[in-house]
Amino acid sequence: MPEKVKVLVVGLGNMGASHASAYHRNPGFEIVGLMSRTIKSKSVPDELKGYPLYEDYDEALKLAKPDAVSINSWPNSHAEFAIKAMNAGAHVFMEKPIATNIADAEAVVKLAREKNKKLVLGYILRVHPSWMKFIELGKTLGKPLVMRLNLNQQSSGPAWTWHKNLIDSLIPIVDCGVHYVDVMCQLTGAKPVRVHGIGASLWEEADKPNYGHLHVTFDDGSVGWYEAGWGPMMSEVAYFVKDVVGPKGAVSIVPNPKQTKENLSDSADIDQHTKTDAIRYHHAEVDADKNFAREDEILTMTDEPGHQDLCDREQAFFLKAIQEDIDLGESMDAAVNSLRIVLAAEQSINEKRVIELD
């Protein structure tokens, strides 16, 4: 039986706590430390009590001697922490995005290859069965594709604070956008060539634009847009659009519009960001009378995994990648590619021009 992988968990916010829970319950991992700059002054979830606590990252690496580091901190620390972890001999799981600029992202991937360390990115939609089916069906629609995706979030209660803090690192179309442009890239299998972005500042308390919209054109003629806004003013009308259209029809994710947590709006509920009721598969074919030849198919997704289940799947894959030496080259390059697109959108907003990608 393989030895347990000793893991240091960095960051214990929404995602960090979920990943730590996955390590805690997975017999292939052993948590050797929990680290955040203020962890000793905050409450640790009951199931995680008893593990060593660290408030200094360098000290945690030195004393815990982990085989793997799980990085769930603010995005502007991701690249630095990953590089230090790999130089200390550890594999890395990292929440998205891989970095806040392309140079750092490429440096992280380059080091992972040089050190032969596993680098798994927290692209949770890649382990989600409904999204995997959405992409599979989208690939049957012909070319070019028109892809329409958004995730607007209304900020109140705890979401008010975490959204504002996130905006200090990255604007919404960058932070969440990497997930959805990665979906576009998987759907098309094509090269992104042109990006345009628009943005607006609606939230006085936020330092950066809290609303953004990006358009991306691919070399096969496909086009896509992604929209994201955070803040107490955001509308919850059409906040969840997940739709792909091609010559042969369309595939759409139908959201589950249920408010499940007290003092948290439906759009800000992290469980609802991936949750679906069904996938609608529309066929464009018409008969001799120009009526549709086939009815839309409705694929029910009522038994899909929840947020914690998806985090468990991500960490099970991380363990498998380490134990079986899985080649992660495609997913690492995809993480850099999706970041390149969303950062080009931010550049477009700042410079008020279309950005041509190399």
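Predicted model: local features only at pLDDT ≥ 70, side-chain atom pairs only at ≥ 80, totals over all residues.
Two strands are said to pair if DSSP finds at least two bridges between them. Strand β2 is mostly covered, with six of its seven residues buried.

The packing of helices against one another was examined next. Two packed helices are described by the angle between their axes and the distance between the axes. For α1 and helix α9 (residues 307-324), the axes come within 9 Å and cross at roughly 60°; an angle between 35 and 65 degrees is neither roughly parallel nor roughly perpendicular, and α1 and α9 are therefore oblique to each other. The crossing of α1 and α9 is right-handed, and the contact involves Met 15, Ser 18, His 19, Ser 21, Ala 22, Tyr 23 and Arg 25 on the side of α1, together with His 307, Gln 308, Cys 311, Asp 312, Glu 314, Gln 315 and Phe 318 on the side of α9.

Helix α10 (residues 329-351) takes part in two further helix pairs. With helix α8 (residues 177-188), the axes come within 9 Å and cross at roughly 110°, which makes α8 roughly perpendicular to α10. This crossing of α8 and α10 is right-handed, and at the contact Gly 177, Val 178, Val 181, Asp 182 and Cys 185 in α8 meet Ala 334, Asn 337, Ser 338, Leu 339, Ile 341 and Val 342 in α10. With helix α4 (residues 102-115), by contrast, α10 packs at an angle of about 175°, the axes being 10 Å apart; angles over 145 degrees count as roughly antiparallel, so this term describes α4 and α10. The residues in contact are Ile 102, Ala 105, Glu 106, Val 109, Ala 112 and Arg 113 of α4 and Gly 329, Met 332, Asp 333, Val 336, Leu 339, Arg 340 and Leu 343 of α10.

Antiparallel pairing is found around strand β9 (residues 192-200), which is joined to strand β10 (residues 211-218) by eight bridges, with Ala 200 standing opposite Tyr 211 in β10. Strand β9 also pairs in the antiparallel sense with strand β16 (residues 355-356), over two bridges, and in this pairing Arg 194 stands opposite Glu 356 in β16.

Several features of the backbone lie in loops. A cis peptide bond, with omega about -5°, joins Lys 96 and Pro 97, and Pro 97 is found in the loop between β5 and α4. The peptide bond from Lys 143 to Pro 144 is also cis, with omega near -5°, and Pro 144 is placed in the loop between α5 (129-138) and β7 (146-150). Lys 65, a residue other than glycine, has a positive phi near 50° and is found in the loop between α2 (57-64) and β4. Phi of Lys 352, again a residue other than glycine, is positive and near 55°, and Lys 352 lies in the loop between α10 and β16.

Lys 65 is exposed because its relative accessible area is 60%, and Lys 352 is exposed because its relative accessibility is 76%. Lys 290, in the loop between β14 (276-283) and β15 (297-300), is likewise exposed because its relative accessible area is 64%. The C-alpha atoms of Lys 290 and Arg 313 are separated by 45 Å, although these residues are 23 residues apart along the chain.

Terms used: Residues numbered from 1 in each chain as written. Heavy atoms only, no water. Buried < 20%, exposed > 50% of the residue type's maximum accessible area, 1.4 Å probe, protein only. Helix = DSSP H or I, 4+ residues; strand = E, 2+ residues; numbered from the N terminus. Axes fitted to C-alpha atoms, helices over the stretch in contact; angles between N-to-C directions. Parallel < 35°, antiparallel > 145°, perpendicular 65-115°, else oblique. Left-handed = near helix turned anticlockwise from the far one by under 90°. Contact = heavy atoms within 4.5 Å.
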